[in-house]
Amino acid sequence: MSFTFAIIGRPNVGKSTLFNRLVGQKLALVDDTPGVTRDRREGQGKLGDLEFTIIDTAGLDEGAKGSLVARMQEQTEAAIALADALLFVIDARAGLTPNDRAFADFARRANKPVILLANKSEGKHGEIGAMESYALGLGDPIQISAEHGEGLSDLYDALRAVMPEPDVLFGEDDEVEGVSEEDFSTRPIRVAIVGRPNAGKSTMINHLLGEERLLTSAEAGTTRDSISVEVDYKGRQFRIFDTAGLRRRARIEEKLEKLSVADALRAVRFAEVVVLMMDSQTKFEEQDLRIADLIEREGRALVIAVNKWDLMGKQASLVAALRADVDHLLPQVKGVPIVAVSGLMGEGIDRLMKAIEDSYAVWNRRVPTASLNRWFEQAIEANPPPAVSGRRLKLNYVTQAKARPPSFVVFCSRADAVPESYLRYLINSLRGFFDLPGTPVRITLREKANPFAHKRRRPN
């Protein structure tokens, strides 16, 4: 029997939307009205290479009464009994509610692995709600948007950590022990190759495989859906996704191409490293820059490969010019690796694979706390935060919230008053100090709690 997850949580937090996302079909009815789901619904879920059974359950309100509510609760309890692990969903925009806390106690009593999902985490309000969920005591929340498909890479890692290895078979008398988190230095790196049509993505992957595994043609748009292939390159495992070419939205007319583009965007979200492939004859067009910006916003490590370099001649100055162009056009990923390659001739393949490994390592990096504090003090001393409306901004301290990509939280006095320009200064300074080239760097501002707030006198 396949590994089973049950999705639980209070009404209207997005459980059915997440269920539909994982099964890949709109099987569960979704509406803004709370309580649409009443029966438990099972489906075969899939995320990347993970396959499992997923159960959608009714959202229970502690204050609701009646025989129907009681039967709904029985269905939810039956789903929890059948499940091997629980996906506990909260609404990050709404923040914690008493029902969330009641469900957290319910989940703990089940004595099964619990993955805490902060759904609807888009935007600033979602970030704040996700931070509040630490109070539930269920571990680090995973920020997702089931509706928009954001955060699925982090969800993948969480599911994989609790699921048994796929090549291990357990009999009735076998003991199943907890699966520890995989070593990032040995697990296959998920790589998506993206770019405009006819940039040579499939040709490059065929050369890596040493066979004509993927269909190639001089005609643009040969690849329609994302194809995953396993690559063992010099002892390192990679899972590489070939994707359809991404054209400007205004030029996409056929429904099939719209589906292909959606599939390519999903591959970007599943990937850990994304290789943006450009044609050396028409590099740095507007669509290339848009794709690079999309990759940065998705928080994926980026490598730029300029293909068909065999047509450019052996001029060393051209590579230096590439470096200058990228740093000027893509300041949000300053220092991103650039590799000149020829997929047809096999030139530059070693450099490209090394760049992918290096970018993956940077993307996973955690900064030592002592070094982080030393950088923070030096950065503020070198360029103090400006005064806003005659009042100085006070930045108290910084901590790293997570890696993949490196994400930091700065606690300050007035988060909404910190200018974007100063935030960019901190990001650029941090990137340079800790040598984080190319990878997205996230800094979130949070206001430090006022210890005297509860002592303020209330008006009569």
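Me: Where is Asn111 placed?
Reply: This is a predicted model in which residues are numbered from 1 along each chain as its sequence is written, local features need pLDDT of at least 70, side-chain atom pairs count only at pLDDT 80 or more, and totals for chains, interfaces and linings use all residues. Side-chain values use heavy atoms, with hydrogens and water left out. Helices (H or I, at least four residues) and strands (E, at least two) are DSSP runs, numbered from the N terminus. On that numbering, Asn111 sits in the loop between helix 3 (98-109) and strand 5 (114-119).

Me: Is Asn111 buried or exposed?
Reply: Buried means under 20% relative accessible area, exposed over 50%, and partly exposed in between (1.4 Å probe, protein chains only). Asn111 has a relative accessible area of 71%, so Asn111 is exposed.

Me: What is phi of Asn111?
Reply: Most residues other than glycine have a negative phi. Asn111 has a positive value, near 55 degrees.

Me: Where is Lys234 found, and what is its phi?
Reply: Lys234 is in the loop between strand 8 (227-233) and strand 9 (236-242). At 66% relative accessibility, Lys234 is exposed. Its phi is positive, in a residue other than glycine, and lies near 55 degrees.

Me: Which residues does a cis peptide bond join?
Reply: Most peptide bonds are trans. The loop between strand 15 (395-402) and strand 16 (407-412) holds Pro405. With omega about -5 degrees, the cis bond joins Arg404 and Pro405.

Me: At what angle do helix 11 and helix 12 pack?
Reply: Two packed helices are described by the angle between their axes and the distance between the axes. Axes are lines fitted to C-alpha atoms, for helices over the stretch in contact, and angles run from 0 to 180 degrees between N-to-C directions. Helix 11 (residues 369-382) and helix 12 (residues 420-433) have axes 11 Å apart, and the angle is about 130 degrees.

Me: How is that orientation of helix 11 and helix 12 classed?
Reply: Angles under 35 degrees count as roughly parallel, over 145 as roughly antiparallel, 65 to 115 as roughly perpendicular and the rest as oblique. Helix 11 and helix 12 are therefore oblique.

Me: Which residues make the contact of helix 11 with helix 12?
Reply: Contact means heavy atoms within 4.5 Å. Helix 11 brings Ser371, Leu372, Trp375, Gln378, Ala379, Ile380 and Ala382. Helix 12 brings Tyr422, Tyr425, Leu426, Ser429, Leu430 and Phe433.

Me: How are helix 6 and helix 10 oriented to each other?
Reply: Helix 6 (residues 201-209) and helix 10 have axes 12 Å apart and an angle of about 95 degrees. They are therefore roughly perpendicular.

Me: Which residues make the contact of helix 6 with helix 10?
Reply: By class, the contact has five nonpolar, one polar and no charged residues. Helix 6 gives Met204, His207 and Leu208, and helix 10 gives Ile349, Leu352 and Met353.

Me: Is Asp279 buried or exposed, and what does it touch?
Reply: Asp279 lies in strand 10 (residues 273-279). At 13% relative accessibility, Asp279 is buried. Not counting residues up to four places away in sequence, Asp279 touches Arg196, Asn198, Ala199, Asn307 and Lys308.

Me: Which residues is Arg269 in contact with?
Reply: Arg269 belongs to helix 7 (residues 255-270). Arg269 has a relative accessible area of 18%, so Arg269 is buried. Leaving aside neighbours within four places in sequence, the contacts of Arg269 are His148, Gly149, Ser153, Glu298 and Arg300.

Me: How much of the chain counts as buried?
Reply: The chain comes to twelve helices and 17 strands. Of its 460 residues, the buried part is 48%.

Terms used
Nonpolar A, V, L, I, M, F, W, Y, C, P; charged D, E, K, R; others polar.
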